[in-house]
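Thanks for coming, everyone. I will walk you through one chain today, residue by residue. Please have the picture up as I talk.

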Amino acid sequence: VIKERRFTLNISIADEGPAMDVLNTICATFRGALVYSLGKLTLAVDMPDEFPVMVFNETNIKATNETFKPKHISGSKESEVISSVDVSYGDPSNHYKREVVRVNTSDSNDGLELNVIKNIQSLDLPGVTRRSQALRFAQYQIAASRYQRRNVTFTTSTDALTLAPGDVISVSQQLS
């Protein structure tokens, strides 16, 4: 088993640009995002095995017509699910020229099923110089597209003001 740091960044900032754009470019290489909330700049990172910081259910979601109903539950279409990802990274063994690696889903269209829509996403990871990191990033994008497909919109109390973008929450509904 080969062990390596999950994320590394080898970047030289040579161009002038807005600081937030540069920082967001750096954060994107490790699935992070800068969040400005309540007068503070914080870092939100997609971490595995995070536990929910708040639970939403019938007790704290504002009801419509005396029943628990989120305002809107939606999901993505099958045609929007990513089937392949092309990731560009700098290859140190080739004088840091941009190389592209493609990752396909195991059931992506191989030409035999004409009704399967091929949805290819292209990503550029500046500062990433390892093929293994580019591969993991592509695999994550495919998995997120496939498994994070449901969106729920609801109204709640001011207790939720303590939440920040990127916080993991739980939404439950008692079925009758």
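Let's start with S88, which sits in strand β5. Helices and strands here are DSSP runs, numbered from the N terminus; a helix is H or I with at least four residues, a strand is E with at least two. A word on the source: this is a predicted model, where local features need pLDDT of at least 70, side-chain atom pairs count only at pLDDT 80 or more, and totals for chains, interfaces and linings use all residues. Residues are numbered from 1 along each chain as its sequence is written, and side-chain values use heavy atoms, with hydrogens and water left out.

Back to S88. Is S88 buried or exposed? S88 counts as buried, because its relative accessibility is 12%. The cut-offs are these: buried is under 20% relative accessible area, exposed is over 50%, and partly exposed lies in between, with a 1.4 Å probe and protein chains only.

What does S88 touch, leaving aside neighbours within four places in sequence? Its contacts are R98, E99, V100, L123, D124 and L125. Contact means heavy atoms within 4.5 Å. With D124 there is also a polar contact between side chains, at 3.2 Å. A polar contact is a pair of N or O atoms within 3.5 Å; within protein, one must be able to donate a hydrogen and the other to accept it, and residues adjacent in sequence count only if both atoms are side-chain atoms. L135 is 47 residues from S88 along the chain, and their C-alpha atoms are 10.0 Å apart.

Next, R131, in helix α2. R131 is partly exposed, because its relative accessible area is 46%. Beyond four places in sequence, R131 contacts Y89 and V101.

Now the wider view. How many helices and strands does the chain have? There are 2 helices and 9 strands. From the N terminus, the order is α-β-β-β-β-β-β-β-α-β-β. The chain has 176 residues, and 26% of them count as buried. Take the contacts with a separation of 6 or more: 67% of them join residues 24 or more positions apart.

On to T29, in the loop between α1 (19-28) and β1 (32-37). T29 is buried, because its relative accessible area is 3%. A polar atom of the T29 side chain lies 2.6 Å from the backbone oxygen of I26. Not counting residues up to four places away, T29 touches F7, L9, P126, V128, Q133 and F137.

Let's follow F7, which lies in the segment before α1. F7 counts as partly exposed, because its relative accessibility is 30%. With neighbours within four places left aside, F7 is in contact with T29, F30, R31, R130 and Q133. F7 and R136 are 129 residues apart in sequence, yet their C-alpha atoms are 9.7 Å apart.

R31 is worth a stop. Most residues other than glycine have a negative phi. R31 has a positive one, near 60°. R31 lies in the loop between α1 and β1 and is buried, at 19% relative accessible area. Y96 also has a positive phi, near 60°. Y96 is in the loop between β5 (84-91) and β6 (97-104). Y96 is exposed, because its relative accessible area is 53%.

Now aromatic rings. Rings of Phe, Tyr and Trp (its six-membered ring) pair if their centres lie within 6.5 Å; planes under 30 degrees apart are stacked, over 60 edge-to-face, and the rest tilted. That rule gives 1 aromatic pair. The pair is F56 and F154, and it is tilted: 4.9 Å centre to centre, 55° between the planes. F56 is in strand β3 (residues 54-56), F154 is in the loop between β8 and β9, and they are 98 residues apart. F56 is buried, with a relative accessible area of 2%.
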